[in-house]
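Me: Can you help me learn to read a protein structure? I'd like to go feature by feature.

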Amino acid sequence: MTNVAVLGVSGRMGRCLVKALRDSEDLRLTGALASPTSAALGRDAGEVAQAGPVAVEVTADRARALDRAAVAVDFTLPEAVEENLAAVSKAGIPVVIGITGLDGPRLAAIRRASQALPVLVAPNMSLAVNLLFGLAGRAAAALPADYDVEILEAHHRNKADAPSGTALRLGEIVAGARGGTLAELAAYGRLGKSQGRAPGSIGFSSLRAGDIVGEHRVLFAGTGESLEIVHRATDRMTFAHGALAAARWLVKRPPGLYGMSDVLGL
Ligand SMILES: NC(=O)c1ccc[n+]([C@@H]2O[C@H](COP(=O)([O-])OP(=O)(O)OC[C@H]3O[C@@H](n4cnc5c(N)ncnc54)[C@H](OP(=O)(O)O)[C@@H]3O)[C@@H](O)[C@H]2O)c1
């Protein structure tokens, strides 16, 4: 059995991870972290996830959450990532990070931590989205540069960051396949009088509505034809199972920075 600590255990993803761990034959939950103001503090993590008791108390104490863990899975929010990294570094355990909306300094902190620890970061843990990354790159490289690219994503009303981390990763892949960078080519939303479309730009649109788990659509539109590649997540358990596959894979690796494509062998 491999012991797992879930950071962000009371959140939408954390609760799915508790359920997936309850059903796992080789991984078990041994630590459960929530924020210092969480309504879940002191409660059984399994009860919080409505998965039945698991005898692991939700705590805001990182050292306690990591105490018995062989690997941590972090689905907190960007503002917690640096403290989480300090705690896993002190404990000397690998960490799978699913948080999105990480800015430059936080990504730099992740890179620093990965010099001493195995660290895996992925804005999307699903198998099919990681295939979508490859397909979008192939299409962007194969189609002429005058095929306009638009990336559309839809998520639930409470999602904190926009565009989604997955949409931004798709943008980086398309930009790279066309010999540019996302910073040069991204066009985020549109308002008011249009000046027309900048050649080669990559447009982003974000919908926030209801309880949509996650939808990503990459549109390549030429003159007289268009191609769309679409992924729909309908259940967060798909991300939870992906994150646990990543945790299983990561415990056996040397220090370094890894992504889901390493786990999936893509
Ligand atoms: N990579 C993927 O496949 C994937 C899939 C889905 C979501 N995500 C990303 O994963 C992250 C979490 O998503 P979610 O929908 O589960 O969010 P959420 O429901 O808001 O949950 C956030 C969790 O983090 C905890 N937390 C917040 N601040 C904290 C702090 N300072 N210290 C410790 N714990 C803290 C919260 O505790 P309390 O609320 O109880 O206080 C809660 O347990 C987001 O960045 C989201 O975009 C990634």
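Me: How do I read a helix pair: within what distance do the axes of α1 and α9 come, and at what angle do they cross?

Reply: First, a word on what you're looking at. This is a predicted model, where local features need pLDDT of at least 70 and side-chain atom pairs count only at pLDDT 80 or more, while totals for chains, interfaces and linings use all residues. Residues are numbered from 1 along each chain as its sequence is written. Helices (H or I, at least four residues) and strands (E, at least two) are DSSP runs, numbered from the N terminus. Axes are lines fitted to C-alpha atoms, for helices over the stretch in contact, and angles run from 0 to 180 degrees between N-to-C directions. Here, the axes of α1 and α9 come within 9 Å, crossing at roughly 65°.

Me: Which residues of α1 and α9 make the contact?

Reply: Two residues are in contact if their C-beta atoms, placed from the backbone, lie within 7 Å. On the α1 side you'll find Met 13, Cys 16, Leu 17 and Ala 20. From α9 come Met 237, Phe 239, Ala 240, His 241, Ala 243 and Leu 244.

Me: How do I read a sheet, and what is the order of the seven strands?

Reply: Look for strand partners: two strands pair if DSSP finds at least two bridges between them. The open sheet of seven runs β3-β2-β1-β4-β5-β6-β12, with parallel pairing. Its edge strands are β3 (58-59) and β12 (256-258), each pairing on one side only. Three bridges link β12 to strand β6 (residues 118-121), and Leu 120 has Tyr 258 as its bridge partner in β12. Helix α4 (residues 81-91) packs on this sheet, touching β1, β4 and β5, and its direction makes about 180° with that of β4.

Me: Why is one side of β8 and of β11 left without a neighbour in the sheet?

Reply: They belong to an open sheet of five strands, ordered β8-β9-β7-β10-β11, with mixed pairing. β8 (186-188) and β11 (226-233) stand at its edges with a single partner strand each, so one side of each has no neighbour in the sheet. Inside it, β7 and β9 pair in the parallel sense over seven bridges. Helix α7 lies across β7, β8, β9 and β10, at about 165° to β7.

Me: Which residues make up the domains, and how many are in contact?

Reply: Domain bounds come from an automatic or database domain assignment. Here, domain 1 is 2-125 + 236-264 and domain 2 is 127-233. Their C-alpha centres lie 28 Å apart, and 11 residues of domain 1 are in contact with 11 of domain 2. On the domain 1 side, α10 gives the most, with three residues.
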